[in-house]
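Hi,

Have a look at the model before you read on.

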Amino acid sequence: RGRTARTEIMYSGGGRIYVYFVYGMYWMLNIVTGREGDPQAVLIRGLDGLNGPGRITRSLCINGEFYGEDLASSERICIEGPGKNERFITTPRIGIDYAGPPWKGKQWRFVVRK
């Protein structure tokens, strides 16, 4: 829907947290990745032992107070890169058959393999 009060943080540039509330019960954690004025973000869907974006935010107590948090200076949340023996692989996204080709087949799911 374009630029709205909810999506405004995505226009600020990468390294910020974009959270939004869905279904009246779940916060979705996204990391803004685009340059200023180019709204892009990655939804965090799984962590070690936690699968599902709603489970992640509940377990980490992430809510709307994290909206706009700067990852470079935050004292509440940080993201680490893969360790020495880990690497990223890509796979097709899950649960988006409704999107149809070519979107459902895009290799836009990133997984850390040990």
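**Glu-69 and its surroundings**

The side chains of Glu-69 and Arg-76 are joined by a polar contact of 2.5 Å. By polar contact I mean a pair of N or O atoms within 3.5 Å; within protein, one must be able to donate a hydrogen and the other to accept it, and residues adjacent in sequence count only if both atoms are side-chain atoms.

Before going further, the ground rules: this is a predicted model, where local features need pLDDT of at least 70, side-chain atom pairs count only at pLDDT 80 or more, and totals for chains, interfaces and linings use all residues. Residues are numbered from 1 along each chain as its sequence is written, and side-chain values use heavy atoms, with hydrogens and water left out.

Where does Glu-69 sit? Its place is in the loop between α1 (53-59) and β6 (87-91). Helices (H or I, at least four residues) and strands (E, at least two) are DSSP runs, numbered from the N terminus. Glu-69 counts as buried, because its relative accessibility is 16%. The cut-offs there: buried is under 20% relative accessible area, exposed is over 50%, and partly exposed is in between (1.4 Å probe, protein chains only). Leaving aside neighbours within four places in sequence, Glu-69 is in contact (heavy atoms within 4.5 Å) with Gly-15, Arg-16, Ile-17, Ser-74, Glu-75, Arg-76 and Ile-77.

Gly-68 is found in the loop between α1 and β6 and is buried at 13% relative accessibility. Its C-alpha atom is separated by 5.4 Å from that of Arg-16, although the two residues are 52 apart along the chain. With neighbours within four places in sequence left aside, the contacts of Gly-68 are Ile-9, Arg-16 and Ile-17.

**Salt bridges**

How many salt bridges does the structure hold? There are 3, taking a salt bridge as a side-chain nitrogen of Lys or Arg within 4 Å of a carboxyl oxygen of Asp or Glu. Side chains of opposite charge can pair when their charged atoms come close.

- Arg-76 and Glu-69 meet through their side chains at 2.5 Å, N to O. Arg-76 is partly exposed at 43% relative accessibility, whereas Glu-69 is buried.
- Arg-16 and Asp-70 meet at 4.0 Å, N to O. Arg-16 lies in the segment before β1 and Asp-70 in the loop between α1 and β6, so this pair ties together parts that are 54 residues apart in sequence. Arg-16 is partly exposed at 30%, and Asp-70 is partly exposed at 26%.
- Arg-3 pairs with Glu-8, with their closest N and O atoms 2.8 Å apart. Glu-8 is partly exposed, with a relative accessible area of 35%.

Strand β1 (residues 17-22) is mostly covered, with 5 of its 6 residues buried. It runs antiparallel to β2 (residues 26-32), and 6 bridges join the two; strands count as paired if DSSP finds at least two bridges between them. Among the bridge partners, Val-22 goes with Tyr-26 of β2 and Val-19 with Leu-29 of β2. The hairpin of β1 and β2 has 3 residues between the strands, and Tyr-23 takes a positive phi near 55° there.

Strand β2 is also mostly covered: 5 of its 7 residues are buried. On to β3 (residues 41-43), which is joined to β2 by 3 bridges and runs antiparallel to it.

Asn-30 is buried, with a relative accessible area of 5%, and stands opposite Leu-43 in β3. A polar atom of the Asn-30 side chain lies 3.4 Å from the backbone nitrogen of Leu-43. Leaving aside neighbours within four places in sequence, Asn-30 is in contact with Arg-16, Ile-17, Tyr-18, Tyr-20, Ala-41, Val-42 and Leu-43.

**A nonpolar patch**

Last item: Phe-88, Trp-103, Trp-108, Phe-110 and Val-112 form a nonpolar patch on the surface, with about 570 Å² of accessible area together. Patches are made of residues with over 30% relative accessible area and no salt bridge, where like charges are joined within 9 Å and nonpolar side chains (Val, Leu, Ile, Met, Phe, Trp, Tyr) within 5 Å. The areas come from the Shrake-Rupley method with a 1.4 Å probe, and for residues only the protein chains shown count as cover.

Cheers
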